[in-house]
Amino acid sequence: MPPRKHQEAELQSAWELNPTFDVAYNLGNTKYQLKKHKEAAQYLSHALKHWPLMKAAAKLKTTAEKRLAESRAQAGALVVTAGAPGAEVLVDGKTVGKAPLEGEVFVEPGEHRVEARLLGYAPASQMVKVAKGGTAEVTLAMVLAKSEAQEATPGAKAAEGASTPGAEAGAPAAGLAPGAPAEPASPPQPRSWVPVIALGAASVVGLGVGIGMTVASRNARSDADAQRAAILSRGPGCVNAPSDVASACNAFKDTAGSAEAFGTGALVAYVASGALAAGAVTYALWPRSATTGSSVGIRPIVSLATSETMVGVVGVW
């Protein structure tokens with residue numbers, strides 16, 4: 001399998017497990033490089049809608065916007081409005097989400113069938129044609145579906161209600177004798193502290209990694225400053241540097257790059273540590289269900305995504 005295709009398959013699997021902005025950004029870039037314009041536009045659009053306020057990722061936003069515009073110009077877009085919230089929306093028989101959709105649905109230029117389905121409603125569909133770089137608006141009006149029993153005997157419900165005296169307000173519930181005590185609820189189960197311990201331990205590890213990378217970044221930056229001072233003492237700098245200085249300039253660039261990489265890694269580690277610590281506190285303080293007595297489950301997922309141009313981290317629980 002070619003390298004790009006292999007990377008596409010891996011990112012597609014990561015997206016299905018953890019659909020975060022960083023996975024969407026990397027997957028959109030891969031689709032863009034493979035000239036799969038409508039898919040590239042869909043993933044890059046999702047990434048930009050959920051772009052985080054992280055300094056390390058801010059400089060990549062311009063690249064995402066530029067590639068989205070280029071992909072968008074080669075594809076068509078549908079703005080779909082379905083009349084019933086929660087309705088399944090399909091384009092050419094393939095599910096693209098539930099109403100209301102978050103944004104545009106990108107398609108190949110040409111004619112497409114758009115459908116909406118929801119239990120209890122009559123399905124609605126519409127054929128629409130969209131040009132390359134164009135946008136088409138689709139509104140699917142949905143109406144409640146009538147059951148066969150309602151259509152056959154429209155007065156059955158009213159007659160049944162009129163002939164059932166027990167339906168009056170204050171009548172005892174069916175199957176329960178008047179004055180019978182309700183079944184006592186089962187006592188709540190004790191809260192499990194295993195997730196808190198696991199999340200706390202992972203947070204401490206992340207903090208330790210961040211501190212280690214911070215120290216490494218400072219050491220590399222100190223070395224870079226020393227190399228820079230040595231270069232400046234031998235001449236005007238690295239611009240049009242003579243051959244005996246060029247190797248020192250290259251070493252300086254490598255050291256400075258390492259300092260920046262360690263700094264970015266430290267930031268990612270601190271963010272991951274904070275997310276895991278927040279997960280532990282949330283689990284410990286979250287109220288338990290009155291009916292089941294169990295605590296709300298929290299599952300930590302920390303995604304560290306790398307590509308040619310970015311490193312991102314996302315915590316989900």
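This is a predicted model: local features need pLDDT of at least 70, side-chain atom pairs count only at pLDDT 80 or more; totals for chains, interfaces and linings use all residues.
**Stop 1: Glu-8**

Select Glu-8, which sits in helix 1, the run covering residues 3–17. Is Glu-8 buried or exposed? Its relative accessible area is 8%, and because the cut-off for buried is under 20%, Glu-8 counts as buried.

Next, display what surrounds Glu-8. Apart from neighbours within four places in sequence, Glu-8 is in contact with Leu-27, Thr-30, Lys-31, Leu-34 and Lys-36. Two of the residues named there, Lys-31 and Lys-36, are the next selections.

**Stop 2: Lys-31**

Select Lys-31 together with Glu-8. Their side chains form a salt bridge, with an N to O distance of 2.6 Å. Glu-8 belongs to helix 1 and Lys-31 to helix 2 (residues 21–33), so this pair ties together parts that are 23 residues apart in sequence. Side chains of opposite charge can pair when their charged atoms come close.

Lys-31 has a relative accessibility of 3% and therefore counts as buried.

**Stop 3: Glu-39**

What joins Glu-39 to Lys-31? The two form a salt bridge in which the closest N and O atoms are 2.5 Å apart. Glu-39 is partly exposed, with a relative accessibility of 26%, whereas Lys-31 is buried.

**Stop 4: Lys-36 and the network**

A polar contact of 2.9 Å joins its side chain to that of Glu-8. With Glu-8, Lys-31, Lys-36 and Glu-39 selected together, the view holds a network of residues linked by salt bridges.

**Stop 5: Arg-72 and Glu-104**

Clear the selection and pick Arg-72 and Glu-104. These two residues also form a salt bridge, and their closest N and O atoms are 3.9 Å apart. Where do the two residues lie? Arg-72 is in helix 5 (residues 61–72), and Glu-104 is in the loop between strand 3 (94–98) and strand 4 (105–107), so the pair ties together parts that are 32 residues apart in sequence.

Colour the pair by accessibility. Arg-72 is buried, with a relative accessible area of 16%. Glu-104, at 29% relative accessibility, counts as partly exposed.

How many salt bridges does a search of the whole structure find? It finds six. Among them are Glu-8 with Lys-31, Glu-39 with Lys-31, and Glu-104 with Arg-72.

Notes. Residues are numbered from 1 along each chain as its sequence is written. Side-chain values use heavy atoms; hydrogens and water are left out. Helices (H or I, at least four residues) and strands (E, at least two) are DSSP runs, numbered from the N terminus. Buried means under 20% relative accessible area, exposed over 50%, partly exposed in between (1.4 Å probe, protein chains only). A polar contact is a pair of N or O atoms within 3.5 Å; within protein, one must be able to donate a hydrogen and the other to accept it, and residues adjacent in sequence count only if both atoms are side-chain atoms. Contact means heavy atoms within 4.5 Å. A salt bridge is a side-chain nitrogen of Lys or Arg within 4 Å of a carboxyl oxygen of Asp or Glu.
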